[in-house]
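Colleague: May we go through this model together? I would like to begin with a charged side chain.

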Amino acid sequence: MEYLAETLPKSKGMLESMEYLDRGAETVSLIVDNYIAMNVKLSRESKDIKQEIRNLRIEKTLRR
C-alpha cells in the first residue's frame with residue numbers, strides 16, 4: 001500500500017492520450033506490475049534471500 005501511495009501521484013496523467021481505456025484501473029495495474037518486477041529483480045540480485053526475508057519480517061514487525 002505504501003508503494004501504491006507513493007507511486008500513484010507520480011503516474012497521474014501518464015495515460016491521458018488513451019481515451020478508451022479505464023485509465024484508473026490500468027494505472028493501478030501498471031503500478032502493481034512494476035512493484036512485482038522490482039521485487040523479482042531484488043530477489044535475483046540477493047546473495048542470501050532467506051536472510052533478507054527474515055530481516056524484512058523483523059523490520060515489518062517492529063514498525064507495527
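**Salt bridges and surface**

Modeller: E59 counts as partly exposed, because its relative accessibility is 43% (buried is under 20% relative accessible area, exposed over 50%, partly exposed in between, with a 1.4 Å probe and protein chains only). This is a predicted model, in which local features need pLDDT of at least 70, side-chain atom pairs count only at pLDDT 80 or more, and totals for chains, interfaces and linings use all residues. Residues are numbered from 1 along each chain as its sequence is written, and side-chain values use heavy atoms, without hydrogens and water.

Colleague: Which residue forms a salt bridge with E59?

Modeller: The partner is R63, with the closest N and O atoms 3.5 Å apart (a side-chain nitrogen of Lys or Arg within 4 Å of a carboxyl oxygen of Asp or Glu). Both residues lie in helix α3, four residues apart, about one turn of the helix (helices are DSSP runs of H or I, at least four residues, numbered from the N terminus). Salt bridges that share partners join E2, E59 and R63 into one network.

Colleague: Where do E2 and R63 lie?

Modeller: E2 is in helix α1 and R63 in helix α3, 61 residues apart, so the pair links distant parts of the chain. Their side chains meet at 3.5 Å, N to O, and both residues are exposed.

Colleague: How many salt bridges does a search of the whole structure find?

Modeller: The search finds three. One of them joins E45 and K41 at 3.3 Å, N to O. About one helical turn separates E45 and K41, because they are four residues apart in helix α2.

Conventions: Helices (H or I, at least four residues) and strands (E, at least two) are DSSP runs, numbered from the N terminus.
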